[in-house]
Amino acid sequence: MKKPRIICLGDLMLDVVVRAAADIETGTDVPGSMRFRLGGSAGNTCRAFIGLGGKAAFVGAVGTDSLGRRLGAALGDAGVTTHLVRVSGSTPRLAAVIAPSGERSFITDRGVADQLDPFSIKPAWFARADALHLPAYSLLTPPLSDATLRAAALVRARDGLVSVDLASRGPLLAAGADTGMRAVRAAAPDILFANLDEVRALVGRRGARRLLDLASVVVVKLGPDGCQLVWHGRSNNAVSEMEIATKPLLAGDTTGAGDAFDAGFLYSLLVTNFDRAAPSAALLRRAALTGHRAAGRLLIAPRSELTL
C-alpha cells in the first residue's frame, strides 16, 4: 500500500516546558523542572504522521541563528522532509508553563515565523502531497498568509486534501471573528479542526454547525471527552452529527496531543477512499478513533528532550 504524504506549513519552534512543583510565588524561588523540546504545531503534526507510518514534509521560516539549524536538523532526524526558509532574525520559541494542577499557560515569541513569503514557495515541494495541513496561525498575518494560500492552491490543483486547525483562541480573538472567518474561508479547507474555546472565538456559542460555512467536515476536539463530528451529507442542506468518546488518560502534560490527533485523523482518511463530497460516517468515525489513539500514544510515551 502506498504511504500517504502530508505537508504541513507553519511553525517550527523551540518549546521550553517549565513545570512548577509548587505554587508559583512572586519574588522567590519555586522548585520545578525545565525541558527543551522540538515543537510548533505544524512540526508536531509532521512527526506524529511519520509515527503512524506516513510520509511528511514541513515548510516554514526559521531564523539564521544556530537554533534554527538545530531545530531543522532535529526535525529531519525524526524522518520529516524539511523545506526551511531562513530569514534574518530569531527562530520561534515558546514557553509552556505547567502548574502543579496541570493547567498550562503559553508565552510565544513567533520570531520570523510570519516572514515566509509566497516567492519562497517552490511548487515542487507540493508535487506529491496528498494533503496540506495548516494551523490557523499561518492564515492570519502576511506575508505568511499569502504563502499559505499559494500552497493551498498548489495542493488543490492536484486534488489534494486541505485541512486547517484553529490552533489557539488567543490569536483568533486578537484578529477578530470576522477576520478569522475570512482567513479560514480563503484556504477553503475540507476538514476543520478546533476545540470548544476556538469554536467560541469564531462563532460564539452558536456551535460547530456554524463552522460548516468554512469546511464540509468540522471536528471539535473535547480533550478527555473525545470529539464531536459535524459534516454535510450528500445534500448541502443535510447536516450529520456524531460524538466519539475516548478512554480518559491521566497526563500531566498534554502539549502536542491535539496535533497528534490531527495527524491520526488525516492519516486514516488518506489510507481510505474518502469522498469529500459525501463523507461516510463509518470512515469519519474510524478517523476519529485513529486520532484518539495517536493522541493517546503521545500522552503516554516518554518525551524526548532536545539537546542544544
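Close-up 1. The lining has 24 residues, and Leu38, Arg47, Leu298, Arg303 and Ser304 are the ones nearest the pocket centre. Strand 3 (32–39), helix 1 (41–51), helix 2 (66–77) and helix 8 (281–300) each give two or more residues to this lining, with the largest share, 4 residues, coming from helix 1.

**Close-up 2. About 630 Å³ of space lies in this second largest pocket.** A pocket is an open set of points on a 1 Å grid over the protein atoms alone, where a 1.4 Å probe fits, with protein on both sides within 12 Å along at least five of seven lines; lining residues have an atom within 4 Å of a point. The volume is the space filled by probe spheres set on the points, which are joined across faces, edges and corners.

Close-up 3. Phe193 sits in strand 10 (residues 191–195) and Phe261 in helix 7 (residues 257–270), 68 residues apart. Helices (H or I, at least four residues) and strands (E, at least two) are DSSP runs, numbered from the N terminus.

**Close-up 4. Ring pairs join Phe193, Phe261 and Phe265 into a cluster.** Phe193 counts as buried because its relative accessibility is 0%, and Phe261 is buried at 3% (buried is under 20% relative accessible area, exposed over 50%, partly exposed in between, with a 1.4 Å probe and protein chains only).

**Notes for all views.** Residues are numbered from 1 along each chain as its sequence is written, and side-chain values use heavy atoms, leaving out hydrogens and water. In this predicted model, local features need pLDDT of at least 70 and side-chain atom pairs count only at pLDDT 80 or more, while totals for chains, interfaces and linings use all residues.

Note on methods: Phe/Tyr/Trp six-rings, centres within 6.5 Å; stacked < 30°, edge-to-face > 60°.
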